[in-house]
Amino acid sequence: MAVLADPRSVIGRKLPGFTAVAERGRLAFFARVIGEDDPVYRDVTAARTAGFRDIPLPPTFLFSLELERPDPRAILAELGIDMREVLHGEQEFRYHRVACAGEELRFEPRIADYYEKKGGALRFLVRETEVTADGEPVAVLVNTLVARRLELS
């Protein structure tokens, strides 16, 4: 794949959308891993007693589902970014409502920004993903990747 002459041309580009469903067992495992001990994140009865339809997704779990997007490295290849250069810069979540286990979630990502600092030594790629369920907004995820140019001999 050819590297883009103007990397800023990716701004506004829609990336392939996809759907994902959070399963109860995976949610319980995630809660355990992050040290969340509230039973609503592991037990359906506790979740329903607390007013949820099912086990709610812990606040950062949508990021885990987003990692399942199709061909996640394609845009990096177009920008000439080697995976060895990539650092996780920042993650932001803007919630409209809580999602629960079993809901089919639709992820629609797009490139929100691309910019460089330090004479191009640092490149920043900002991806914004709208998450919906049954056409209703659930959240907006904003992810910033930083690529530092490696000096290869």
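# Exercises on salt bridges and enclosed spaces

Strand 5 provides the largest share of the lining of the largest cavity, namely 3 residues. The model is predicted, so that local features require pLDDT of at least 70 and side-chain atom pairs count only at pLDDT 80 or more, while totals for chains, interfaces and linings use all residues. Residues are numbered from 1 along each chain as its sequence is written, and side-chain values use heavy atoms, with hydrogens and water left out.

**Exercise 1. Describe the largest cavity and its lining.**

Step 1. On a 1 Å grid over the protein atoms alone, a cavity is a set of points where a 1.4 Å probe fits but cannot get out, and lining residues have an atom within 4 Å of a point. The count is 1 cavity of 30 Å³ or more.

Step 2. The largest cavity holds about 30 Å³ of space, a volume being the space filled by probe spheres set on the grid points, which are joined across faces, edges and corners.

Step 3. Its lining consists of Leu 76, Ile 81, Val 86, Arg 123, Leu 125, Leu 145, Val 146 and Ala 147. By class, 7 of these residues are nonpolar, none is polar and 1 is charged. Here Ala, Val, Leu, Ile, Met, Phe, Trp, Tyr, Cys and Pro count as nonpolar, Asp, Glu, Lys and Arg as charged, and the others, Gly among them, as polar.

Step 4. Strand 4 and strand 5 each supply at least two residues of this lining. Strands (E, at least two residues) and helices (H or I, at least four) are DSSP runs numbered from the N terminus.

**Exercise 2. Determine which residues and elements line the largest pocket.**

Step 1. A pocket is an open set of grid points with protein on both sides within 12 Å along at least five of seven lines. The largest pocket contains about 410 Å³ of space.

Step 2. It is lined by 24 residues, of which Arg 69, Pro 72, Arg 73, Leu 76 and Arg 127 are the closest to its centre.

Step 3. Helix 4 (74–78) gives the most to this lining, with 4 residues. The lining comprises 15 nonpolar, 2 polar and 7 charged residues.

**Exercise 3. Locate the salt bridge of Glu 66 and state whether its two residues are buried or exposed.**

Step 1. A salt bridge is a side-chain nitrogen of Lys or Arg within 4 Å of a carboxyl oxygen of Asp or Glu. The whole structure has 15 salt bridges.

Step 2. Glu 66 pairs with Arg 127, with 3.1 Å between the closest N and O atoms. Glu 66 belongs to helix 3 (residues 61–66) and Arg 127 to strand 4 (residues 122–133), 61 residues apart.

Step 3. Both residues are buried; buried means under 20% relative accessible area, exposed over 50%, and partly exposed in between (1.4 Å probe, protein chains only).
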